[in-house]
Amino acid sequence: MSSTLQGKTILITGATAGIGFATAQSLLQKGARLVITGRNQERLNQAVRKLGERVIPVLCDSANVAQIQQMATQLQRDNIKLDGLILNAGVFYPVAFEQMSLDNLNTTMAVNFNGPALTLQALLPCLNNPSSVVFISSVAVLKAFATAGVYSASKAAFEGLARVLNLELAERGIRINSIRPGVTATEIQAKAGMDQDAISGFFESLSSTPVGRVLTPEDLVPAINYLISDASIGLRNAYIDIDGGFGL
Ligand SMILES: NC(=O)c1ccc[n+]([C@@H]2O[C@H](COP(=O)([O-])OP(=O)(O)OC[C@H]3O[C@@H](n4cnc5c(N)ncnc54)[C@H](OP(=O)(O)O)[C@@H]3O)[C@@H](O)[C@H]2O)c1
């Protein structure tokens with residue numbers, strides 16, 4: 001598969017940590033050139049120091065429409081054409097439905113739905129024909145768990161859009177497929193407000209799932225690489241559930 005990624009130019013949103021960062025490491029090893037985004041300049045600089053020189057960092061908060069437009073303008077100005085786009089940046093702010101606020105709704109939708117939608121739209125002039133878009137969705141689209149309603153809806157919303165875009169953008173050679181990760185050990189749990197004890201207990205509870213443990217970003221990377229590469233050219237609107245059986 002590595003030969004299908006050699007020399008490809010791929011943009012990953014939210015590659016300063018977790019699944020995005022692990023994917024960046026792997027794609028670089030396979031010979032791809034990368035554009036990576038993050039919402040925090042210092043974390044972006046740290047990621048570039050770790051990833052090396054074949055990475056172009058762009059400060060772009062997925063919830064910031066002006067920054068998304070600036071990124072698209074910058075790429076066009078620098079004549080950067082993309083073979084792949086990984087829409088990975090996402091947030092998880094669990095809240096009981098009764099306590100759900102407009103702020104929680106707006107923030108989650110802005111990052112998890114509006115962000116990938118507007119990023120894809122802004123980058124249309126930069127996408128080669130053919131090109132592959134991979135959306136990092138979630139097992140939460142399939143499996144209900146309390147307090148994840150807004151998050152689940154935000155991921156399902158983009159999956160709904162992607163289904164239509166697979167037809168609408170087909171003549172440009174653009175195809176969209178999704179990965180639905182199960183619980184994966186990243187910073188997202190701490191950012192969701194869980195303390196270390198709660199995180200450990202949550203991960204331990206996953207010993208009862210078929211895979212018997214929490215997933216790691218590295219469990220997801222091979223499937224992301226497959227979807228972004230020409231090896232998956234026949235796939236349109238596919239969902240790969242990588243949840244260790246959590247959603248069964
Ligand atoms: N981990 C899981 O259990 C799990 C399960 C299912 C789906 N997912 C999905 O997988 C994707 C990656 O999550 P992860 O687990 O790797 O989380 P993570 O470790 O928190 O990484 C998320 C990445 O997205 C970036 N990001 C967050 N908000 C952003 C924004 N507004 N604009 C630009 N970048 C932003 C983060 O930047 P900072 O470094 O500045 O925070 C970070 O680089 C998300 O879409 C998430 O919903 C995760």
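Visitor: Which residues line the largest cavity?

Guide: A cavity is a set of points, on a 1 Å grid over the protein atoms alone, where a 1.4 Å probe fits but cannot get out, and lining residues have an atom within 4 Å of a point. Here the lining of the largest cavity is Lys-8, Ile-10, Asp-83, Gly-84, Pro-130, Ser-131, Ser-132, Arg-175, Ile-228, Asp-230 and Ile-233. This is a predicted model, where local features need pLDDT of at least 70, side-chain atom pairs count only at pLDDT 80 or more, and totals for chains, interfaces and linings use all residues. Residues are numbered from 1 along each chain as its sequence is written, and side-chain values use heavy atoms, with hydrogens and water left out.

Visitor: How much space lies in the largest cavity?

Guide: A volume is the space filled by probe spheres set on the points, with grid points joined across faces, edges and corners. For the largest cavity that is about 60 Å³. The whole structure has 3 cavities of 30 Å³ or more.

Visitor: Which strand gives the most to the lining of the largest cavity?

Guide: Strands (E, at least two residues) and helices (H or I, at least four) are DSSP runs, numbered from the N terminus. S5 leads with 3 residues; strand S4 (82-87) and strand S5 (127-136) each supply at least two.

Visitor: What comes from helix H5 in the second largest cavity?

Guide: Helix H5 (residues 102-123) provides the largest share of that lining, 4 residues. The second largest cavity holds about 40 Å³ of space, and its lining includes Thr-13, Leu-87 and Phe-135.

How values were computed: 1 Å grid on protein atoms, 1.4 Å probe; cavity = no way out; pocket = protein on both sides within 12 Å on 5 of 7 lines; lining within 4 Å.
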